[in-house]
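The model is a predicted one.

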Amino acid sequence: MPEQSDSAALFSNCVFLFVKSKDLDNDSLESFKAIVEERGGVVKEPTRTEPVDLAEDKITHIIANTIEFEDYTKATSMMIAVVKSSWIQASLMKGRQAQIRPFTPDPRMIFSDVVLSCADIPSTDKDTIIGATMAMGGMDSELVTKLTTHICALSLDHPKCELARKRHIKCKIVLPHWFDDCFKLGKRIDEGPYLFPDPAYLRASPTDAIAVPSSQHLEGATSASPDYIPAPSDVAGARPTLTVFEGKRVMLSTDLSIRDRLKEIIQGLINNGGGEMTDHVEDCNWFICQYRDGPQYIRAAQAGKTVGNLSWLYYTITHNKWTDPLHRLLHYPVPRDGIPGFKGKKITVSNYGGEARIYLENLITATGAEYTKTMKAENTHLITARNNSEKWDAAVDWGIERLNHLWLEESYAKCEAQTVGLEKYIHFPPRTNLSEIIGQTFLDEKKLRALYYPGGPENSTPSKLKRKMQDMANENSYSDGPAEGVAIGRQAHKEFDVMMDTDADYAQKTTEVFGVPAPQRRRATTQFATPAKGRHVREGKENETPSTVSSSSRSAKDKALNRLSALAPDINLYEKEKKRGLKDNGLWGGKRAADHIEREHLNRRSVSSPAAGGEEKEKEKEVKAEKRPAKRARPSLPDVDKRVVLTGFHRWVNDKHREDADRKKLRELGIAVVMDGQPCDYLVAPSLVRTVKFLRNLSKGVTIVSSNWIEECLDTKQMPKPEDYVLKDEENEKKFGITLAQSVRQARKNKGKLLWNTPIYCTASIKNGPDGYRAIAEANGATFMMYSARSGTTIKPTPPEEDEGGPDPVYLLSNSSPEEKKLWPKFTAMAIKGNMVPRIVAADWLLDVVIKQEVFFDEKYLVNNFFN
């Protein structure tokens, strides 16, 4: 048996197939091929006439940075290891073949490139985070090395964090909250808000604005029935010759509503690319249709053909590469009658923009539900990327279900409405807009088959083999849990036949070669288990939880499952500590959690020790009584009677100590000073001003009182009636042409809907920045969007004859700088195409409308008039 540590024979048992992709180009491929061949590996090269056969060529490893290649299903059915190119680099650094699991290219293993080291985290929380991270493809490292990608910490004071910063190790120091939010969603969100040295997660208010991220997974997949073939995104001039169709036979179904001219164009592209068209299902490789019904669709799906819709075909043409139609929800034929459980539902969307919003509109329609642009009391569901918007507040008042897009995507993927109460569907990380993880859900092939094409091919032997191959791929995949659908291949070694050897043979040979247990072959009935790092497990814990996996080849994931089951009480404590920390604006865990855990362990030992006599227990109680200091009685505070927001309160300017002392005095009187954006009873201001705080809270219809009321409370330590201090400012009322009392009354009638669904765009270089105007506009129900030279068309083109209500106004807040003037013609054209009236105005229009609480327009606000 050759030594795996021998560099010259590192890959001596391996036969490689390399898959070219966007981030694995020809130069990289040649470099990696040379590396593996120098160390004993064999590389199989496909040609146009002789493609590589995985079984005949005895492929052991497929090096691919994506799973979007046609042999992926066959590879998983044969348990062939599919790994990223970084696996080769890791193997070189270790001097032996690296593990397979952390290097899978399957995007559902969200932590596959994470090497985690935990710092000042309580031990029970640490075990939970490590176990769950490894279950999703990550690795644990006790020490901080140059391979470490993440350090999980509560502060920067831990030696691991100091070492990483001192040595300039390129790793991210994150709060444990990031892992917690990723675990709950089952998706990997951006670490930005959780990063030290100044994590926005702890600093910013949950109601603060967040930029809407781009939706990178939705390119070419926002609609199931596109109107035209997009041009190649990275090629100028004429479309290059396509290679993706070489040797393929494509069939277009009769249910496609395409013109003869477009059909001729598609046929020309296929023929020029080395493919051909066919009218027979049995002869085709790819079958293109619109709906999941009809005899042609059923035969094609049962036979294991690649089945997609026009959107998928256009994407294939545009990018000149094959992708699996099941990996994008709107690349697969849609159900003609929708998804069970969605008929009669009315669904609206909030906090999503651009392509994500268009995608959700089309997905809602595909489910059979009705999409509504505005939200009314008869709506049944609100799909939102954050739990902070006017629609959210209205949904709370009206009792409408509030969910993130994962509920909609997974309901469509699993072909039935999912339970709305699952935590992943109602979880909203406070500093994340969830549109960053949209479009990552795969369709469930097993559910599709059971509902739309049950059974299998009757006569065709190749079709039966494809169906069997799909069944084996499903059998080798995880059947549930966060890695559902993922298949992990097996390590390759001499004299092992992946198709012939039994699990026992494989386990024995793998242990002999690599010195570690073999990963267990997945079965459809195998219970999902979370893996943890291979280290000593405390005595008495290992076998408390039954396992369906044979103990003869127990792996780290089974031990981790048992450990997590035993630690359930501590996990609950972890959640309580975290919530308490957030409530108190402090960190969670740490000494408080550790002290509580220690007391719990002491109690368990005392209860489980029958040998201790009564006298010993009494002595122990006496000693504890002597050591325990007397608790101080906390002074009880009165209930909060009034919540106030302060703006322009001069008494606290540049005097933080006085502010803290005054806040305590007010709290003792039953007055709580709350942050802007939170529910309040009164707005306290020295005068009538057009600040963000003033206008946002005026829009809520709260009573506005003079700062003299707070001054009186602090000076006399008593609370006079706030109604006696209602703000009166005749000078500024005359200046702005309003009566403040009338504006407040009108705001209470408007209930935050003064500008309900009015589209307001804003330029980035507007005076004082766009964030303040966004807050004011959204507080009044407007739809606020940024507009720049690179902005696409965000207003749907609408012919006048199709617009029943007539043209509505659309506003652009701008100034008169030369750069912004260049934006005006493009904005005007976009509005006119959408049958809307463009109004390019100064920001004062918005401020005056809100302070008056009445929608009006005067041409003096047009930028050409206002700044002249």
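The lining of the largest cavity is made up of four nonpolar residues, four polar ones and one charged residue. The residues around this cavity are His217, Leu218, Ala221, His327, Arg328, Leu329, Tyr359, Gly439 and Thr441. Its space comes to about 40 Å³. Across the whole structure, a search finds one cavity of 30 Å³ or more.

The largest of them has 84 residues, and the members with the most contacts inside it are Ile151, Phe287, Tyr297, Tyr352, Ile383 and Tyr412. Helix α11, which spans residues 354-367, gives the most to this core, with six residues.

| Nonpolar core | Size | Residues named |
|---|---|---|
| Largest | 84 residues | Ile151, Phe287, Tyr297, Tyr352, Ile383 and Tyr412, those with the most contacts inside it |

What does Ile383 touch, leaving aside its neighbours within four places in sequence? Its contacts are Ile347, Thr348, Val349, Ser350, Tyr352, Leu360, Leu403, Asn404, His405, Trp407 and Leu408. One of these, Tyr352, is also listed with Ile383 among the residues with the most contacts inside the largest core.

For the protein as a whole, the secondary structure consists of 30 helices and 24 strands. Of its 868 residues, 49% are buried. Among contacts with a separation of 6 or more, 68% are between residues 24 or more positions apart. The accessible surface is about 43,800 Å², and carbon and sulfur atoms account for 49% of that surface.

Key:
Residues numbered from 1 in each chain as written. Predicted model: local features only at pLDDT ≥ 70, side-chain atom pairs only at ≥ 80, totals over all residues. Heavy atoms only, no water. Helix = DSSP H or I, 4+ residues; strand = E, 2+ residues; numbered from the N terminus. Buried < 20%, exposed > 50% of the residue type's maximum accessible area, 1.4 Å probe, protein only. Contact = heavy atoms within 4.5 Å. Areas by Shrake-Rupley, 256 points an atom, 1.4 Å probe, with all protein chains shown as cover. Core = buried A, V, L, I, M, F, W, Y, C linked by side-chain atoms within 4.5 Å. 1 Å grid on protein atoms, 1.4 Å probe; cavity = no way out; pocket = protein on both sides within 12 Å on 5 of 7 lines; lining within 4 Å. Points joined across faces, edges and corners; volume = space filled by probe spheres on them. Nonpolar A, V, L, I, M, F, W, Y, C, P; charged D, E, K, R; others polar.
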